[in-house]
Amino acid sequence: MGFWKSLFTGSDAASTPKPVQMEAIPVDKAGERSSTRIYFSTERDIDLYELEELCDAVGWSRRPLRKVKKAIQYSFLVVSMWEQRGTVKRLIGFSRATSDHAFNATIWDVVVHPDYQRKGLGKALMKQVIKKLRSEDISNITLFADPQVVEFYRGLGFMSDPEGIKGMFWYPD
Ligand SMILES: CC(C)(COP(=O)(O)OP(=O)(O)OC[C@H]1O[C@@H](n2cnc3c(N)ncnc32)[C@H](O)[C@@H]1OP(=O)(O)O)[C@@H](O)C(=O)NCCC(=O)NCCS
């Protein structure tokens with residue numbers, strides 16, 4: 001089991017109040033101890049340029065920053081994931097959810113920096129989001145999955161077309 005996986009399994013990583021933080025002193029390949037930690041935050045004062053850099057890294061199309069700012073401001077929940085090495089912190093993951101504050105929430109913009117993918121961090125990020133939404137008594141959690149990540153979400157318990165329900169879209173001409 002990889003280091004980050006072992007960090008997020010066992011005790012429930014999503015049970016700590018916000019900002020959720022997990023301390024770790026990993027031993028690197030040379031056997032030296034380095035102080036690195038991964039932590040989650042629900043703070044919204046994210047540097048938009050850093051977020052844009054993260055989205056660029058996974059090849060997403062750029063969006064006007066004033067709109068991204070507004071989307072974050074009006075989201076019900078924002079969860080960002082950070083790596084801290086000494087005093088340097090780096091945004092390595094992001095997700096947000098919109099909601100009617102009662103029944104429904106929809107998760108958007110789930111992203112993990114390519115350098116940190118396939119280490120269990122996307123799963124940990126999603127668990128944080130789901131845990132937080134459940135703690136707000138939201139029971140209907142939806143998202144729109146790109147085709148290549150359907151299995152990632154399925155592994156977290158999401159179903160495609162439950163009972164034949166189809167997501168439908170309307171776009172301007
Ligand atoms: C999708 C994404 C968030 C996954 O993050 P990640 O940190 O690589 O995922 P994890 O390492 O936590 O993977 C959790 C599980 O899902 C699996 N998985 C991860 N990405 C997958 C993919 N693209 N397809 C199928 N399975 C995938 C992993 O193998 C792992 O399985 P396991 O629990 O059986 O070991 C990340 O690949 C990403 O940011 N992609 C680009 C942006 C994107 O497409 N976002 C989704 C928009 S809808």
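**Entry 1: Glu83 and its partner**

I began with Glu83, which counts as buried at 4% relative accessibility (buried is under 20% relative accessible area, exposed over 50%, partly exposed in between, with a 1.4 Å probe and protein chains only). Its side chain meets that of Arg85 in a salt bridge, 3.1 Å from N to O (a side-chain nitrogen of Lys or Arg within 4 Å of a carboxyl oxygen of Asp or Glu).

A note on the source: this is a predicted model, where local features need pLDDT of at least 70 and side-chain atom pairs count only at pLDDT 80 or more, while totals for chains, interfaces and linings use all residues. Residues are numbered from 1 along each chain as its sequence is written, and side-chain values use heavy atoms, with hydrogens and water left out.

Next I looked up Asp109, which pairs with Arg96, the closest N and O atoms being 2.8 Å apart. This pair links distant parts of the chain, 13 residues apart: Asp109 sits in strand E5 (residues 104–112) and Arg96 in strand E4 (residues 88–99). Helices (H or I, at least four residues) and strands (E, at least two) are DSSP runs, numbered from the N terminus. Asp109 is buried at 15%, and Arg96 is buried at 10% relative accessibility. Within it I checked Arg62 and Asp56, whose side chains meet at 2.5 Å, N to O. Arg62 is exposed at 58% relative accessibility, whereas Asp56 is partly exposed at 30%.

**Entry 2: the second largest pocket**

I then turned to open space. On a 1 Å grid over the protein atoms alone, a pocket is an open set of points with protein on both sides within 12 Å along at least five of seven lines, and lining residues have an atom within 4 Å of a point. The second largest pocket is lined by 19 residues, and Leu143, Met159, Ser160, Asp161 and Pro162 lie nearest its centre. Which element gives the largest share of the lining? Strand E6 does, with four residues. E6 covers 140–143, and both E6 and helix H5 (150–154) supply at least two lining residues each.

**Entry 3: the whole chain**

I found five helices and six strands, in the order α-β-β-α-α-β-β-β-α-β-α along the sequence. Of the 173 residues in the protein, 37% are buried.

Key. On a 1 Å grid over the protein atoms alone, a cavity is a set of points where a 1.4 Å probe fits but cannot get out, and a pocket is an open set with protein on both sides within 12 Å along at least five of seven lines; lining residues have an atom within 4 Å of a point.
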